[in-house]
Amino acid sequence: MKLERHSKIVELIGKYEIETQEELADRLKKAGFRVTQATVSRDIRELKLTKIQGENGKQRYIVMQNQETFSDKYIRILKDGYASMDMAQNILVIKTVSGMAMAVAAALDAIHFHEIVGCIAGDDTILCAVRSVDDTILVMDKIRKIVAEG
């Protein structure tokens, strides 16, 4: 549950300019998570979120750009959410644990596979547009290696 909540937090702060813990808690509640202010505060600390000034002049949460921690979190989301994958030419179809597709797609975007042009996620399926058929095979190999790592 904690991993799913953390994944949702990362997704929410990427999608919306969230300014306060209360706003984050409200969005989590709307998404079906039962959270308290203390839980959200602890999650913010564990995810090492920080605030920056947004374009509108207001503060908003972001994931701190400590590259090792940043990559480790997204690799963990990919590993935990991944179920299977298949390809159709240069389209990579990734199946995930139910409800985790958006978080895994966000993780793929954050990992920055240069072969992937973009991802579209549903509930448990991600479609990734890949530059070529050969690149699709390369990406599948990279994902298999990440998922197989202990």
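Predicted model: local features only at pLDDT ≥ 70, side-chain atom pairs only at ≥ 80, totals over all residues.
How do the residues of the lining of the largest cavity divide into nonpolar, polar and charged?

1. Composition of the lining. Four nonpolar residues, one polar residue and two charged residues make up the lining of the largest cavity. By name, the residues lining this cavity are Leu3, His6, Val10, Leu47, Lys73, Arg76 and Ile77.

2. Helix H1 (2-15) contributes at least two residues to the lining of the largest cavity, as does helix H4 (67-81).

3. Packing of H1 and H3. Helix H1 packs with helix H3 (residues 37-46) at an angle of about 75 degrees, and their axes lie 11 Å apart. Because angles of 65 to 115 degrees count as roughly perpendicular, H1 is described as roughly perpendicular to H3. On the H1 side, the contact is made by Lys2, Arg5, His6 and Ile9, while H3 supplies Thr39, Asp43 and Glu46. Sorted by class, this contact comprises four charged residues, two polar residues and one nonpolar residue.

4. Helix H5 and the residue after it. In helix H5 (residues 101-111), the buried residues are Ala101, Ala103, Val104, Ala105, Ala107, Leu108 and Ala110. Just after H5, histidine 112 adopts a positive phi of about 65 degrees.

Conventions
Residues numbered from 1 in each chain as written. Heavy atoms only, no water. 1 Å grid on protein atoms, 1.4 Å probe; cavity = no way out; pocket = protein on both sides within 12 Å on 5 of 7 lines; lining within 4 Å. Helix = DSSP H or I, 4+ residues; strand = E, 2+ residues; numbered from the N terminus. Nonpolar A, V, L, I, M, F, W, Y, C, P; charged D, E, K, R; others polar. Axes fitted to C-alpha atoms, helices over the stretch in contact; angles between N-to-C directions. Parallel < 35°, antiparallel > 145°, perpendicular 65-115°, else oblique. Contact = heavy atoms within 4.5 Å. Buried < 20%, exposed > 50% of the residue type's maximum accessible area, 1.4 Å probe, protein only.
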